[in-house]
Amino acid sequence: MSERGNRKTQIGVVVSDKMDKTAVVKVDRLVKHPVYNKYIKRSAKYKAHDIDNAAKIGDRVVIVETRPLSKDKRWKIRQIIESKA
């Protein structure tokens with residue numbers, strides 16, 4: 001299976017798995033403050049497609065950018081890195 005272009009990947013933690021075939025993934029990143037040169041933690045939440053409902057709350061996952069799957073979903077879960085259970 002060939003990849004179509006370069007797709008963005010991010011690593012995050014599942015914060016919600018209550019929806020069917022969807023998980024909410026929180027991704028943290030560090031941003032350097034322009035004046036004080038300290039690092040600030042910024043986070044974003046992404047809704048990711050989880051076809052098997054395999055991801056559970058607390059799992060560390062890799063998500064990959066994809067075409068729009070619904071109003072809010074633009075990511076898919078590629079793999080579960082570490083499981084909480």
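These entries record what I looked up on charges and aromatic rings in a predicted model.

**Basis.** I number residues from 1 along each chain as its sequence is written. In this predicted model, local features need pLDDT of at least 70 and side-chain atom pairs count only at pLDDT 80 or more, while totals for chains, interfaces and linings use all residues, and side-chain values use heavy atoms, with hydrogens and water left out.

**Aromatic rings.** I found one aromatic pair in the structure. Tyr46 and Trp75 form this pair, which is tilted, at 5.0 Å centre to centre and 50° between the planes (ring centres within 6.5 Å; under 30 degrees is stacked, over 60 edge-to-face, the rest tilted). Tyr46 lies in strand β3 (residues 39-49) and Trp75 in strand β5 (residues 75-82), so the pair ties together parts 29 residues apart in sequence (strands are DSSP E runs of at least two residues). I noted Trp75 as buried at 8% relative accessible area, whereas Tyr46 is partly exposed at 23% (buried is under 20%, exposed over 50%, partly exposed in between, with a 1.4 Å probe and protein chains only).

**Salt bridge.** I found one salt bridge (a side-chain nitrogen of Lys or Arg within 4 Å of a carboxyl oxygen of Asp or Glu). Asp72 and Lys47 meet in it at 3.2 Å, N to O. Asp72 lies in the loop between β4 (60-65) and β5 and Lys47 in strand β3, so this pair links parts 25 residues apart in sequence. I recorded Asp72 as partly exposed at 42% and Lys47 as partly exposed at 30%.

**Arg4.** I placed Arg4 in the segment before β1 (9-16). Arg4 is exposed, with a relative accessible area of 68%.

Definitions and conventions
Helices (H or I, at least four residues) and strands (E, at least two) are DSSP runs, numbered from the N terminus. Rings of Phe, Tyr and Trp (its six-membered ring) pair if their centres lie within 6.5 Å; planes under 30 degrees apart count as stacked, over 60 as edge-to-face and the rest as tilted.
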